[in-house]
Amino acid sequence: MKTPLSFLVLLCSYLAMGQTNTYKISFENAVHHEAVIEANFPDLDMDTISLRMSRTSPGRYALHEFAKNVYGFKATDGKGNPLEVFRPNPYEWKVVGHDGTVKISYILFANRGDGTYSQIDETHAHLNIPATFMYIAALGERKIEVDFDVREDLNWRVATQMPLVSGTTYTAPNLYYFMDSPTEISDFTLKSFDVGGQTIQLALHHNGTEAEADEYFERVAKIVLAEKEVFGELPNFDFGTYTFLACYIPNASGDGMEHRNSTILTSTRSLANGGMRRNLGTVSHEFFHAWNVERIRPKSLEPFDFEAADMSGALWFAEGFTSYYTNLILCRAGLISPKEYIEGLTGAFNYVWTSPARQFFNPIEMSYQAPFVDAATSVDPVNRENTFISYYSYGSVLGLALDLSLRQKELNLDDFMKLVWQRLGKEEIPYSIKNLHELLNDYAGKSFGDDFFNEYIYKSGMPNYNKLFEFVGVELQQKKDKPYFGASVSTNDETMKGTITRNPKKGSPAYTSGLTKGDAIKNINNIPFEAGQKFGDYLEQFAIGDSLQVKFSRFGNEKNAALTLEPNLNYSINLMEDLEQEPSGDMLKARKEWLKNE
């Protein structure tokens, strides 16, 4: 999230503002996840001051009620006199009767370390700014200074994309930049390297060794350089530095979240326990966002709204195409093999193309669902199994299709992304979907661009993946040799029943038979479950085409359902040579140009 300004304009604004809002945050009660926050707002010319906690967070699209963790609020004027405070809604504190200055203090409870929330304990102060600091929207263009009163007894230091003023005081040119500046305060390890005069650094908070940190940063550097090749250059980071804020600790929650000149990376996996390899996918995805979403920015997300959900129809491109490059970059950087990359396409491919949800929404409309699914919560049950495909996955397989289609024309997606960067991202011109359509027409020809958008973006068509994969010596197979039930079933050794745990997929045998989520299957064809038996193993005793009688209970009532097992429609994706097929020289050449690894 950012204001759509060039660095020059941003810096001029930064120097021009005379008034400064100041914050101080301290952590004496970190063991109980509390911080004390103080703020000073001088030179006020409005009678009533509206202080708010944000309801959204940069990079997220759903609502998050950060105000729920604020208590002990107090407000005084410049002389320390208490001020009247009233609450017009759950997110706002209105203050009246000031003398031109309002000073506030409050306690924040914070105990979730991820890309949205804040976490305070004796291992770190992991701060997402919207989840931490109140703000005055009317003062959005003022400069901000924040003093992080670190716990010296815990060897804490500060890592953030905000530039340092002195000591532990950092500054932001305006409210937008402040809200977009996550901060990690801990006893972290700092690694850095130079790329074209800019600094890429990793602030790594983990429980591992220095040798592990060195090895991991070498891999991070390979990702940075491989992604730079896609666009031809790094963005001009506002203060010449990009910072990875990585927390790989047991009390974190797995996540990744991009910001203008930094990104948050959180995982419970240590580098020694699988994280050296598995955490790199998040690194790859989030750094790609430094171009695609931070600077190649959907117009629908500008300006970012801190008071309401942010909806965009372009997330299939902003998030989905980024997801396409996530593992492709790992392959190009030599961090996974071509075989691993190709076979790793299978999960997203099956999820998208076997989903009944495409009959309801196209990729643009799937993107509109973000406020309901992007770390959003709901009490009432939903039917996502049948109505929603993640715009991450949907956009990823469309990015794959576009790349392979372009390569058949001796073009490629890398060069299209370079064009989007040069025309829009580099100058930070927010785009519409129409802009993307027109750029693809410019790059690949009007007929090609129109066909792609009309069939796969404005509609929910499915490209001919068999032909696309064959071009690079990859085999797409649909074996149809395993029976398909159509519902997730969890067996229980105590009850000896199998409970349907998710809504059956629309059109599947389970769905058409009338089975639904919550039904407890007692047996099929009078054959009971065995102790420790998984439902997939239980189902293997039946064959495709078998007519089954399912005995189950629903709301305490015994019922029966009849269904016929159908073939499983899932695909497998493999290198031709792994299936004892011989790819041609042209296929291998096209694959090498695509993966840039072999």
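Biologist: Which helices do the buried residues of H15 pack against?

Modeller: This is a predicted model, where local features need pLDDT of at least 70, side-chain atom pairs count only at pLDDT 80 or more, and totals for chains, interfaces and linings use all residues. Residues are numbered from 1 along each chain as its sequence is written, and side-chain values use heavy atoms, with hydrogens and water left out. H15 covers residues 446-457, and its buried residues (under 20% relative accessible area, 1.4 Å probe, protein chains only) are Phe448, Gly449, Asp450, Phe452, Phe453 and Ile457. They pack against H6, H9, H12 and H14.

Biologist: Are H12 and H15 roughly parallel or antiparallel?

Modeller: Their axes (lines fitted to C-alpha atoms over the stretch in contact, with angles from 0 to 180 degrees between N-to-C directions) come within 12 Å and cross at roughly 155°. Angles over 145 degrees count as roughly antiparallel. So H12 is, relative to H15, roughly antiparallel.

Biologist: How many nonpolar, polar and charged residues does the contact of H12 with H15 have?

Modeller: Contact means heavy atoms within 4.5 Å. H12 brings Leu398, Leu402, Ser405 and Leu406, while H15 brings Phe448, Phe452, Tyr456 and Ile457. Ala, Val, Leu, Ile, Met, Phe, Trp, Tyr, Cys and Pro count as nonpolar, Asp, Glu, Lys and Arg as charged, and the others, Gly among them, as polar. The tally is 7 nonpolar, 1 polar and no charged.

Biologist: Elsewhere, what is the relative accessible area of arginine 52?

Modeller: Arginine 52 sits in strand E3 (residues 48-52). Beyond neighbours within four places in sequence, its contacts include Asn89, Tyr91 and Glu307. Arginine 52 is buried, at 9%.

Notes. Helices (H or I, at least four residues) and strands (E, at least two) are DSSP runs, numbered from the N terminus. The expected span of a helix is 1.5 Å times one less than its number of residues. Buried means under 20% relative accessible area, exposed over 50%, partly exposed in between (1.4 Å probe, protein chains only). Angles under 35 degrees count as roughly parallel, over 145 as roughly antiparallel, 65 to 115 as roughly perpendicular and the rest as oblique.
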